Amino acid sequence: MLYVILLVGILCSAHVSGCDRNCADKPVFTPSRLVVKYGDPVAANCSVCENCLDLFGLETPLGEQNKTGTMISWKAPKMIEWHSAPSCYYTKKDSDDQCCSTLPITVYHKPRLQGSPHFQITIKAGSPLLLNCSAWGNPSPSYSWTLPSGSPHSSSSNVLTIDSVASADGGLYTCSVSNSRGTINVEFNVTVEEINIILIIGIVVVAVAVVAVGGLFYWRYQTNGKICSRLLP
Ligand SMILES: *[C@@H]1O[C@H](CO)[C@@H](O)[C@H](O)[C@H]1NC(C)=O
Ligand SMILES: *[C@@H]1O[C@H](CO)[C@@H](O)[C@H](O)[C@H]1NC(C)=O
Ligand SMILES: *[C@@H]1O[C@H](CO)[C@@H](O)[C@H](O)[C@H]1NC(C)=O
């Protein structure tokens, strides 16, 4: 009984200790590393030594594999895992230790806009403005903004905000998103409406006109009345 517990303990600790990456006769990946565009196909082979055939395999999150002799060939039609490192291993003879190699894969993508922001924006003067140019990509993209005047904005964030827009803030804003794999330019055309002021001026003009016309009629009525009362005593 004690022996079984000990054995299970040893097996578990062997498993937990993981695999040895510094052993002799490590499995060999061909190619030894991969750099691939997100969504593109990937393929690699792993070979183990002739006397390592007891128990060998390949751990990978995606794709399919075939074993032929001392080699495992692996391929996936679309690389859609950002962080994955397939691991090729064999179990060492007369022990439970594993000897393994990993295949480093760098997955890249040029920046791509997230969501569907509005590129034509009409906004009332005095309202807050938020331009959102969030993009994804690998390596993580960086952002820079150009104002309608053509001068750069200090923001290096994915959003540009103006607390209260004035008509002078209208025009074409450009957000430039880039990483080592590419750059995209996103344009926002902002129209600032001075609708409130025009409306207020309009209401004031109409009100003044109504009062003036009313006053004129009243004056004429008063005057006529006085004239009439003078003519008809
Ligand atoms: C893997 O090995 C097979 C058979 O030798 C070969 O046809 C294939 O091109 C190899 N694949 C890679 C990615 O090296
Ligand atoms: C595995 O073998 C099947 C059938 O021969 C073949 O269609 C498939 O492409 C092979 N996969 C790899 C990764 O070589
Ligand atoms: C910007 O857009 C992204 C993607 O649509 C969204 O996840 C994020 O919350 C937005 N940010 C702001 C401040 O609205």
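Me: What is the order of the strands in the open sheet with antiparallel pairing?

Reply: Some conventions come before the answer. This is a predicted model, in which local features need pLDDT of at least 70 and side-chain atom pairs count only at pLDDT 80 or more, while totals for chains, interfaces and linings use all residues. Residues are numbered from 1 along each chain as its sequence is written, and chains are lettered from A and ligands numbered from 1 in the order in which they are written. Helices (H or I, at least four residues) and strands (E, at least two) are DSSP runs, numbered from the N terminus. Two strands pair if DSSP finds at least two bridges between them. In this model, the open sheet of four strands with antiparallel pairing has the order β2-β4-β7-β6. Its edge strands are β2 (28-30) and β6, each of which pairs on one side only. Neighbouring strands of this sheet are turned by 20° against each other on average, direction ignored; for such angles, axes are lines fitted to C-alpha atoms (for helices over the stretch in contact), and angles run from 0 to 180 degrees between N-to-C directions.

Me: Over how many bridges do β2 and β4 pair?

Reply: The pairing of β2 and β4 is antiparallel and runs over three bridges. Within it, T30 has N45 of β4 as its bridge partner. As a general point, side chains in a regular strand alternate between the two faces of the sheet.

Me: Why does S47 count as partly exposed?

Reply: A residue is buried if 20 or more other C-beta atoms lie within 10 Å of its own, exposed if 12 or fewer, and partly exposed in between, with C-beta atoms placed from the backbone. S47 belongs to strand β4, and it counts as partly exposed because it has 17 C-beta neighbours inside 10 Å. For contacts, the rule is that the C-beta atoms of two residues, placed from the backbone, lie within 7 Å. Leaving aside residues up to four places away in sequence, S47 touches P27, V28, T70 and M71. S47 and T68 lie 9.6 Å apart, C-alpha to C-alpha, with a sequence separation of 21 residues. Over the whole protein chain, 16% of the 233 residues count as buried.

Me: Which residues are around ligand 1?

Reply: A residue is near a molecule if its C-beta atom, placed from the backbone, lies within 6 Å of it. Around ligand 1 these residues are T30, A43, A44, N45 and S73. Strand β4 (residues 42-47) gives the largest share of this shell, namely three residues. For classes, Ala, Val, Leu, Ile, Met, Phe, Trp, Tyr, Cys and Pro count as nonpolar, Asp, Glu, Lys and Arg as charged, and the others, Gly among them, as polar. The shell around ligand 1 accordingly has two nonpolar, three polar and no charged residues.

Me: Which residues are around ligand 2, and which are around ligand 3?

Reply: Ligand 2 has E64, Q65, N66, S73, W74 and K75 around it. The elements giving two or more residues to that shell are β6 (64-68) and β7 (71-76). By class, the shell around ligand 2 comprises one nonpolar, three polar and two charged residues. The residues around ligand 3 are Q114, G115, N132, S134 and V159, of which one is nonpolar, four are polar and none is charged.

Me: Which strands stand at the edges of the sheet with mixed pairing?

Reply: That open sheet has four strands in the order β1-β9-β8-β5. β1 (19-20) and β5 (56-59) are at its edges; each has a single partner strand, so one side of each is left without a neighbour in the sheet. Inside this order, β8 (residues 87-91) and β9 (residues 98-102) are antiparallel and share five bridges, with Y90 opposite C99 in β9.

Me: Which strands form a hairpin with two residues between them?

Reply: The hairpin consists of β17 and β18. Strand β17 (residues 171-179) and strand β18 (residues 182-193) run antiparallel and are joined by nine bridges; G171 has V190 of β18 as its bridge partner. β17 is also joined to β14 by five bridges, again antiparallel, and T146 is partnered by T174 in β17.
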